[in-house]
Amino acid sequence: MTKMIFVNLPVTELTRAQAFYEALGFINNPQFSDDNSACMVWSEAIHVMLLTHAKWQGFTSRPIPPAGMSEVMLAISCDSREAVDRMNEAAVRHGGTADVNPKQDLGFLFNRSLADPDGHVWEAMWMDPAAIPSAD
């Protein structure tokens, strides 16, 4: 079986969160979605589980961090610099926030951070491994 990652995120409004992630290019997998959760697929190996607060609390007794806190920053790769820009633009149009951290352009690596409507931080990034400077 292919190794996969399922990122679980508590959300205040499931419908809004699902629409936001669809606008960024994620695809809903209805097989693992219901009235309290939505499985959003980025790739064969990366899935984001959006969970209502009630569903989240069924998995853990740990408190949900308040909006504006950074419990984690998740980085996902994009096909181009333009795709990184488009993801940030889509975030703003769908209730998120673009550039919550400064843009980074190292030539071989370009990234921009965005936050979803619940404040979860994502780093959209593009990298050209062939252009990474040598350590010589």
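1. The largest nonpolar core has 26 residues, and L9, Y21, L24, F26, V48, L50 and W122 are those with the most contacts inside it; a nonpolar core is here a set of buried Ala, Val, Leu, Ile, Met, Phe, Trp, Tyr and Cys residues joined through side-chain atoms within 4.5 Å, where buried means under 20% relative accessible area, exposed over 50% and partly exposed in between (1.4 Å probe, protein chains only). At least two residues of this core come from each of β1 (5-11), α1 (14-24), β3 (37-41), β4 (46-52), β5 (73-77), α3 (81-93), β8 (109-115) and β9 (121-127), the elements being DSSP runs numbered from the N terminus (helices H or I, at least four residues; strands E, at least two). Apart from it lies another core, of five residues, including V41, M49, L51 and W56.

2. This is a predicted model, in which local features need pLDDT of at least 70 and side-chain atom pairs count only at pLDDT 80 or more, while totals for chains, interfaces and linings use all residues. Residues are numbered from 1 along each chain as its sequence is written, and side-chain values use heavy atoms, with hydrogens and water left out.

3. The protein averages a pLDDT of 93, and 99% of the residues score at least 70, pLDDT being the predictor's confidence in each residue, from 0 to 100.

4. In α3, the buried residues are A83, V84, M87, N88, A90 and A91; seen down the helix axis they fall within an arc of 160° (taken from the directions from the axis to the C-beta atoms), so they line one face of α3. The face turned away from this buried side carries the exposed residues R86 and R93.
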